[in-house]
Amino acid sequence: MKISYNWLKQFIKINNSSEETAALLTDLGLEVEIVDKYQSIKGGLEGIVVGHVLTCVPHPDADRLKVTTVDLGDGVPLQIVCGASNVEAGQKVAVATIGTVLFDKEGGSFTIKKGKIRGQDSHGMICAEDELGLGESHDGIMVLDASISAGTLGSTVFKIENDEVFEIGLTPNRADAMSHFGTARDLRAGLIQKGINVELITPPVSNFRVDKRILKIDIDVKDIKLAPRYCGVTISGITVKDSPEWLKNRLKAIGINPKNNIVDVTNYVLHDLGQPLHAFDAAMINGKIIVQTLPAGTKFTTLDDVERTLHEEDLMICDEKGPLCIAGVFGGLKSGVSDRTTSIFLESAYFNPVSIRKSAKRHQLNTDASFRFERGIDPTLTEYALKRAALLIQEVAGGEITSDIVDIYQKKIEDFSVFLNFKNVSRIIGQELPRDTIKQILASLEIKVNSVSDAGLGLTIPAYRVDVQREIDVIEEILRVYGYNNIVFSKKLNATVSNSPRNEDYKIQNIVASQLNSQGFNEMMANSLTTASYVQLSETLKEDYNVTMLNPLSSDLATMRQSLLFSGLEAISYNINRKNSDLKLFEFGKSYHKFLAGYEEIKHLTLFQTGNRNQENWTNAQKPSDFFLFKGYVEAILLRLGITNAKSVAVSSDVFSEGIAFGKGNDTLVEFGVVKKSVLKHFGIKQEVLFADFNWAIVLKLMSSKIKYTEIPKYPEVRRDLALLVDQTVTYDTIYTIARQTEKSLLKDVNLFDVYEGANLPEGKKSYALSFIIQDNSKTLEDAQIDKIMSKLQKNFETELGASLR
């Protein structure tokens, strides 16, 4: 938001420098990000001096040039070569002296230098109005009033407007400060707190009167919830033309291009008081004004010449034939003010903020009016702003007030009532403020004290302070005006040590993240908003479970994700398309689901791996990532968290072409596997992608926080190998289970180190090479004991599996 300092001083008379005012506004919460200089004429006509042309003769070597001598008031005439046809002796002219910087229409600059033109010295330039930025004409030099003394500065003659403009980073809650009046109101409160009593000046409207009652336009508000207050008045006999310079300069200073005197006044009052206005060409209004919604699908062409399709909830300003304006957002093409307009209907209203925001968002229109309406304006200013604008229009465009003000205000918007507890003020601020200081601050903010007791104050908050409706809001107001920097901090340092559990979520996340980082994984964070169409890639995800946005930014960000897989695949696709195809990623995030019982968030840890397992190197051949390497990463996480004896089962998820799951009891800890090619194709991925999805809540529930340790064995372990010939249908898991059941105390480990299926084996058979680790923690094993265990294992394999030794 831009605030002109000259404009601000119309409401509050202060002599502070712009730096001091900017600092105070920032302390008050209206953070001034930058202070820019503004000049109504770029360069401020610095170096431009009034000169008296003493002589003017033709140039000896150029037909179209003249050689002049010009007195600049110092008694030393300068010779200047001029090409203007209208230059003559005796004229008073504007002279750009040596070193003066002039600016063209595009903002480019050039410096006046001493030089020779066709052999004649020239010590400056006699200027035309376009060269000074005073107009468009270049027909000849500017001839000034003869009464002006030579040597007078150009900035004095042409009354340059010099201003300073505050760029304020306004927070969305401060709707009350979205104008020069609102900013001045806040500034006054800050000055009073500093002991500087200043008056808040409001422009008078006592001169408002009806000249003739010849153009009455009735108003019918169909929905007072959407338009609680609506005012209007007609003005006839106006002349639409350019605005006066003072009005243009005010608007230009804050970055608004002047259009015509009527539109400029409505823009001026909007930034002056914070009340949006709209002027309709009265000749284009058929019958009365009707404030209503229209059926969905109604077509309407706005001022930007775009035909828009209306929603059934869009509030419209209509006449008896159709729509004229999207209320509070944008005007219509046919009813706008033009050069031919001679009478207007001027609107001032308070519209429902939610309704305006939805309409502006729906039609992708962000205007100065909608910006204010959707945040909540002051409903008490509606009629006052209308009178202020009507008087200004009469001032700059002539005309007469030709109707009484029609003010539809059936249900008054009430002020807010709050009780302020003194103890809460002291507790939250951290310091006990004098009660008189609290009352003074509240009074400076136009907050009325209705009752006083030992416990606190009964307050009435003005309706325009939509951000102050609770006790804590009032305390914040007191604190910001009192000054955060004025709060005294204790020199005593207090510290507390909390006994937090070791298995807090964030601590476990950090442990796992550190482990994955050390294994070459990079953490990613994807947007929780995604497209609804992704649920079609998996039969387990359903559109009915989608949590959809009521007001999405786009169709690609309209739904909360049901799975972290697809956002991860988006990241992988993005990287592969940029020649980064070897990826190891992980993400902690949530999925979102809508069930009959309500909404549910589920936290996940997901892993992704694709491409080669290592970077290309001359010492190692590249090897692609595979399922078993990825399985090792998954198992390492469970092992690190103390989750052991998890059972593996086949995965039922339809996003995997092959995969397994680890679980304990009825709880599934993690599902992982190779993502189906049909899913990858949707993202343009042609290489294999491995994906793991941990249910983080189950992981936290089943993890062990106890530290377990065992003594290092004193006695050696023994390894024995068996090569078994088994049926193709026999799995390693079956062999492992039989081995464990056969020898429960001394068999420490079983490992499969080779699988052979090929020539020289009977049909339907395969060969498993297994190693068995045997150890007794109390003594050294003897050969007889070892042979007995191996014989027992072999016998059980033969009996239960039909296995034989190769």
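Lys579 lies in the loop that links helix H15 (565–576) to strand E33 (583–595). In this predicted model, Lys579 adopts a positive phi of about 65 degrees although it is not a glycine. With a relative accessibility of 79%, Lys579 counts as exposed, since the cut-off for that class is over 50%.

Asp305 is placed in the loop between strand E18 (299–301) and strand E19 (307–309). Its relative accessibility is 57%, and Asp305 therefore also counts as exposed.

Attention now turns to a pair of helices. Helix H5 (residues 180–193) packs against helix H12 (residues 435–444) at an angle of about 155 degrees, and their axes are 9 Å apart. Because angles over 145 degrees count as roughly antiparallel, H5 and H12 are described in this way. The crossing of H5 past H12 is right-handed. On the H5 side, the contact is made by Arg188, Ala189, Ile192 and Gln193, and H12 contributes Thr437, Gln440, Ile441 and Ser444. Sorted by class, this contact of H5 with H12 has three nonpolar, four polar and one charged residues.

Thr559 belongs to strand E32 (residues 559–560). The relative accessible area of Thr559 is 2%, so this residue is buried, the limit being under 20%. Apart from neighbours within four places in sequence, Thr559 is in contact with Ser528, Leu529, Thr530, Thr531 and Ala532, as well as with Asn546, Val547 and Thr548.

Key. Residues numbered from 1 in each chain as written. Predicted model: local features only at pLDDT ≥ 70, side-chain atom pairs only at ≥ 80, totals over all residues. Heavy atoms only, no water. Axes fitted to C-alpha atoms, helices over the stretch in contact; angles between N-to-C directions. Helix = DSSP H or I, 4+ residues; strand = E, 2+ residues; numbered from the N terminus. Parallel < 35°, antiparallel > 145°, perpendicular 65-115°, else oblique. Left-handed = near helix turned anticlockwise from the far one by under 90°. Contact = heavy atoms within 4.5 Å. Nonpolar A, V, L, I, M, F, W, Y, C, P; charged D, E, K, R; others polar. Buried < 20%, exposed > 50% of the residue type's maximum accessible area, 1.4 Å probe, protein only.
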